[in-house]
Amino acid sequence: MATETLTIGKALNTGLRRALENDPKVIIMGEDVGKLGGVFRITDGLQKDFGDQRVIDTPLAESGIIGTAVGLAIRGYRPVCEIQFDGFVYPAYDQIVSQVAKMHYRSRGKLSIPMVIRIPFGGGIGAVEHHSESPEAYFAHTAGLKVVSCANPQDAYVMIQQAIASDDPIVFLEPKRRYWEKGQVDLDAPLSDAYPLHSARVVRPGTDVTVLAYGPMVRTCLEAATAAAEDGRELEVIDLRSLSPLDLTAAYESVKRTGRAVVVHEAPSNIGLGAELAARITEECFYSLESPVLRVTGFDTPYPAARVEEEYLPDLDRVLDAVDRTFGW
């Protein structure tokens, strides 16, 4: 078994390489993905090895990238589009919502759009305006799109390949602040045996409070769980992994045991994923809840200047404060 220690970024690169090797219809496209290897070097070396007809440097035109990919997908290719930063996706929003999400339905199932839209998302890297956004709710709200987010190298390696192999259009959110974090990756396990793409996973068992997160906040919640254990509280941390469709089977089972739930994400609280999660958990687990489902999120403001972003981002202390508040009812 070939197990290696890789960063999330390198795991994504390796997963993309495997997809290119396994299917000649896979094409990577985006701004600077070729010769440069991407701003975060996620596609580093791929154009050199697979050529500029399969790893394509596009013009700086997000709408054009996605529109072209729709045509390629209809003709049987599997385009993987990189949006360089989360805040740059909005010029392509019309194409994603009006074409990518609706083409299968519009054609009464005759056309498939097997494409992946990779988006580095979230804050924490000290970037300038438009480079730290959390647009997941826009896409999760859109019928016809699937939305996933990886939180560790193993999932990054496997999930990008699963997304590319899917016949549905998938928005693939990558936690940019975590690109350099390392973990063990099994490079030999068959994709057919991998954990399902749209299934949540318990990443730390616990008995006292259920904490749900995805992407960059999973590590924050695991750190909070470690800190809480020092005070005798055991947090059960669930990595949602898929934001649309949502898999809440593990969450329901957990909340019915713990009686308490805290949802954590970087995006603002107003009409965010946390609201949907709180509503569903309340509907399903009402008689098990000992307190309301609480949310720990970014604030309802535009993403702030880099020098104060740590005040905006949910951190260990804010998660632990919410955990404490769940015991106040």
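With which residue does Asp155 form a salt bridge, and how far apart are the closest N and O atoms? The legends below begin with this pair.

**View 1. Asp155 forms a salt bridge with Arg241, with 2.9 Å between the closest N and O atoms.** The model is predicted: local features need pLDDT of at least 70, side-chain atom pairs count only at pLDDT 80 or more, and totals for chains, interfaces and linings use all residues. Residues are numbered from 1 along each chain as its sequence is written, and side-chain values use heavy atoms, with hydrogens and water left out. A salt bridge is defined as a side-chain nitrogen of Lys or Arg within 4 Å of a carboxyl oxygen of Asp or Glu; by this rule the count comes to 20. Arg241 is buried, at 1% relative accessible area, and Asp155 is likewise buried, at 3% (buried: under 20%; exposed: over 50%; partly exposed: in between; 1.4 Å probe, protein chains only).

**View 2. Arg201 forms a salt bridge with Asp155, the closest N and O atoms lying 3.1 Å apart.** Arg201 belongs to strand E9 (residues 201–204) and Asp155 to helix H7 (residues 153–165), so the pair ties together parts 46 residues apart in sequence. Helices (H or I, at least four residues) and strands (E, at least two) are DSSP runs, numbered from the N terminus. Arg201 is partly exposed, with a relative accessibility of 23%.

**View 3. Lys176 and Asp86 meet through their side chains in a salt bridge of 2.6 Å, N to O.** The partners are 90 residues apart: Lys176 is in the loop between E7 and strand E8 (182–186), and Asp86 is in the loop between strand E4 (78–82) and helix H4 (93–100). Lys176 is buried at 0% relative accessibility, and Asp86 is buried with a relative accessible area of 0%.

**View 4. Val171 has its place in strand E7 (residues 170–175).** Val171 is buried, with 0% relative accessible area.

**View 5. The structure holds zero disulfides, a disulfide being a pair of cysteine sulfur atoms within 2.5 Å.** Cys150 is in no disulfide, and the nearest cysteine sulfur, that of Cys221, is 16 Å away. For Cys285, the closest cysteine sulfur is also in Cys221, at 18 Å, which is too far for a bond. Cys150 is buried, with a relative accessible area of 0%, and Cys285 is buried, at 1%.
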